[in-house]
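Trainee: Could you walk me through a new structure, one feature at a time?
Mentor: Gladly; let us look at it together.

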Amino acid sequence: MRFPWKNELVADDRVKRVGVSNFDVPLLRRSMELCATPVITNQVHYNLLHREPETNGMLDFCQREGVILTAYSPLKNDVLTHPVVARIAAHHGVTPAQIAINWLVRQPYVITIPKSSDIEHAQENLDALQVNLSDDDVAQLNRIG
Ligand SMILES: NC(=O)c1ccc[n+]([C@@H]2O[C@H](COP(=O)([O-])OP(=O)(O)OC[C@H]3O[C@@H](n4cnc5c(N)ncnc54)[C@H](OP(=O)(O)O)[C@@H]3O)[C@@H](O)[C@H]2O)c1
């Protein structure tokens, strides 16, 4: 891991914050030891139907250590066509994408980066922050992973 090089970029003011991607817990811990500034995020694959960050300890680690977990591919893995997601979306009068995004970002230290080339989808994804999932909705969504 070439952290001395990254530390130089920060020291030279060419990089403001350091983040990593697809690191497991031991690698993230090591990067935090080597990096002269806080490692602010680890970008990993995480969505309603891909729950690896929960099973491999990454979500717990990030929440405990104050590292942002950036969830990539939040709408992949057939999340948008899952019947439970569709039912909860219909109940709230929102879209499955908004349910999938809101479920992620309601968790402490989790943010997400949905990608869209469609301006309406992009606005819809931003509006996902306004959805109010009930405890029962969340319990049902937690079980589908
Ligand atoms: N670090 C890594 O190893 C890594 C790996 C994979 C991805 N990423 C990054 O993660 C970001 C997103 O990941 P991704 O593109 O794999 O997955 P994603 O954002 O979950 O899915 C993108 C797909 O969802 C569609 N979509 C977006 N908003 C929608 C909406 N509201 N309703 C219906 N469909 C919608 C998009 O189509 P439209 O364009 O038609 O909206 C596109 O086909 C990207 O910036 C990517 O670079 C990082």
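Mentor: We will go from the overall layout to the sheet, the helices and the ligand.

Mentor: Two notes before we start. This is a predicted model, in which local features need pLDDT of at least 70 and side-chain atom pairs count only at pLDDT 80 or more, while totals for chains, interfaces and linings use all residues. Residues are numbered from 1 along each chain as its sequence is written.

Trainee: How many helices and strands does the protein chain have?

Mentor: Helices (H or I, at least four residues) and strands (E, at least two) are DSSP runs, numbered from the N terminus. The protein chain has 8 helices and 4 strands. Along the sequence they follow the pattern α-β-α-β-α-α-β-α-α-β-α-α. The C-alpha trace spans about 50 × 35 × 25 Å along its principal axes.

Trainee: In what order do the strands of the sheet come?

Mentor: Two strands pair if DSSP finds at least two bridges between them. Here 4 strands form an open sheet in the order β1-β2-β3-β4, with parallel pairing. β1 (18–21) and β4 are at the edges with a single partner strand each, so one side of each has no neighbour in the sheet. From one strand to the next, the twist averages 25°.

Trainee: Which residues can I look at to see the pairing of β3?

Mentor: Strand β2 (residues 39–45) and strand β3 (residues 68–72) run parallel and are joined by 5 bridges; T41 stands opposite I68 in β3. On to β4 (residues 110–112): β3 pairs with β4 in the parallel sense over 3 bridges, and T70 has I111 as its bridge partner in β4. As you trace a strand, remember that in a regular strand the side chains alternate between the two faces of the sheet.

Trainee: How do I read two helices that pack together?

Mentor: Two packed helices are described by the angle between their axes and the distance between the axes. Axes are lines fitted to C-alpha atoms, for helices over the stretch in contact, and angles run from 0 to 180 degrees between N-to-C directions. Angles under 35 degrees count as roughly parallel, over 145 as roughly antiparallel, 65 to 115 as roughly perpendicular and the rest as oblique. Take helix α5 (residues 83–92) and helix α6, whose axes come within 8 Å and cross at roughly 100°. α5 and α6 are therefore roughly perpendicular to each other. Their contact (C-beta atoms, placed from the backbone, within 7 Å) involves V85, A86, I88 and A89 of α5 with P96, Q98, I99 and A100 of α6.

Trainee: At what angle do α6 and α7 cross?

Mentor: The axes of α6 (residues 96–105) and α7 come within 8 Å and cross at roughly 45°, which means that α6 is oblique to α7. A97, Q98 and I101 of α6 make the contact with E124, N125 and D127 of α7.

Trainee: Which residues are closest to the ligand?

Mentor: A residue is near a molecule if its C-beta atom, placed from the backbone, lies within 6 Å of it. The ligand is surrounded by 20 residues, with Y72, L75, A97, S116 and H121 the closest. Helix α7 (residues 119–127) gives the most to this shell, with 3 residues.

Terms used
Contact = placed C-beta atoms within 7 Å.
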